[in-house]
There are 2 protein chains.
Amino acid sequence: VLALWLQDRALAVRDDVPAPHAPSGEAVVRVLLAGICNTDLELVKGYYPFTGVPGHEFVGVVDAAPDAPQWVGRRVVGEINAACGACAECAAGRRTHCERRTVLGIVARHGTFAQALALPLANLHEVPDGLPDALAVFTEPVAAALEIQEQVAVGAEQRVVVVGAGKLGQLIAQTLAALGIATATPDGIPARRADVVVECTGHPEGLALAKAAVRPRGTVVLKSTYQGETAVNLSPFVVDEVTLVGSRCGPFAPALRALAEGTVRVDHMVHARYPLARAVEAFRHAARPGVLKVLVEP
Amino acid sequence: VLALWLQDRALAVRDDVPAPHAPSGEAVVRVLLAGICNTDLELVKGYYPFTGVPGHEFVGVVDAAPDAPQWVGRRVVGEINAACGACAECAAGRRTHCERRTVLGIVARHGTFAQALALPLANLHEVPDGLPDALAVFTEPVAAALEIQEQVAVGAEQRVVVVGAGKLGQLIAQTLAALGIATATPDGIPARRADVVVECTGHPEGLALAKAAVRPRGTVVLKSTYQGETAVNLSPFVVDEVTLVGSRCGPFAPALRALAEGTVRVDHMVHARYPLARAVEAFRHAARPGVLKVLVEP
């Protein structure tokens, strides 16, 4: 099949990638639309050593599901962590942290910038009829934004700052606004006065901005993953007794609901759409400063 | 008065340090015994730009208290953060995070390696009669160990690892043991299986050891403060959704109780005792590998 291929930090569109097949418990999904995420750009920089088809944001139609033919033809989005179901983390109910997980387009599983992909049936969520593909493709990043609410008690009486005005930052601000929580930028409040700061710049420099904004005993939610190390001293976080909370993938069901009900609006965030054959160009476009979501259409 | 003096990263005992005086609301305390903490050693390395008398662990006798003569003659220990009572942090009840605080022997207030020191009356705690000086002088570090229980819900069913076998690490293990919680070293459990890890090595390298021990969605309590930056990538903490909790000063009343009741034993931790005139030598002794508490006696 036609697919974007990442190897040794180089991207190329190839037409000789083997078609995915669905082992027991999995489905083959024909990709309708896929989104480029900052993590994809970091993968190309070497954030994680991955060879294969990148991409983890998609909406598609089930083409084959050996164990569950009733899924065939349904329009779906999919959670990206494929769990073993048997390890200590799975047993503890932390399936997104499965010790033997594969991750769509990130760890040992080909991703979304292809004509088709394979995922476990357990990962699939049917897309409501009224929700267009161009909105449904945002389910994964909206879920990642909602994960914050799963981890940290955020209330309307708190001062919340979002550091990072990119795609994820905008989605986080919207998901919090849906709870009646107004968010500010670091410039929008006095230094050291934020109860909660969400760091989603995608750059190591974001940590210092978050530190400057958070109050003593406040909370910094860490959303950025990036390639490379940076020199930091955590002592100021110790002295101020700040809590740092790493935050990754989130719940799909409420994300689909938020998109379907329009409490999160994403249409204005689509800055470009490319056919799969021009996916390398799409990646270059997505890496430009100020560009939000770039979609790829097989 | 005779005192140890820190200036430009150099220590010297001087006999011309002005005697402390107590403004309204404060007391002058004659120091009976003072302890050398890792933070003192880091101060000498330049962790924080401080000029004056270092030291923040002490037991002493109140010599003068203009507003409260009933305190004179009482044996006391003292909390190290002197709060303004008026700033936003004080108003929010976070007095140890007062924006205008002075800190005994660390920030804009002369410390314990002197014949006398001054502290607000509000900071003083009377020492129970039966508690010897050599035990009471541990109140501040025991309180710092107890702060962990104020911040993190630690239960006997959890696997707790302490990284760092120094003074603070031993006190932390003992304060947790008093709750029925056995602690392990990083070697004592399989990697990535600890629910809670306390990092108190005093070195930036401790963070990597803590990361290797903590399970996904586990908690790392950060106790180390040190001079200098270190290269880290926080992305693994994000991917594993680890929570990092900065932890500093703790509650004195339960610390005094633990020492008086013997639930925390510290006698074996005293490795040396020096007169104040030989305090520079005492610091060199305290900096040697494997040395636990060194006490200084004015």
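**Entry 1: the interface.** I began with the area that chain B and chain A bury between them, and it comes to about 3,500 Å², 50% of it on carbon and sulfur atoms. Buried area here is the accessible area (1.4 Å probe) that two parts lose on being put together, summed over both.

**Entry 2: ground rules.** I reminded myself that this is a predicted model, where local features need pLDDT of at least 70 and side-chain atom pairs count only at pLDDT 80 or more, while totals for chains, interfaces and linings use all residues. Residues are numbered from 1 along each chain as its sequence is written, chains are lettered from A and ligands numbered from 1 in the order in which they are written, and side-chain values use heavy atoms, with hydrogens and water left out.

**Entry 3: chain A itself.** I found 9 helices and 17 strands in chain A; these are DSSP runs, helices being H or I with at least four residues and strands E with at least two. I saw that its C-alpha atoms fill a box of roughly 55 × 40 × 35 Å along the principal axes. Buried residues make up 58% of the 298 residues in chain A, buried being under 20% relative accessible area with a 1.4 Å probe, protein chains only.

Definitions and conventions
Buried < 20%, exposed > 50% of the residue type's maximum accessible area, 1.4 Å probe, protein only.
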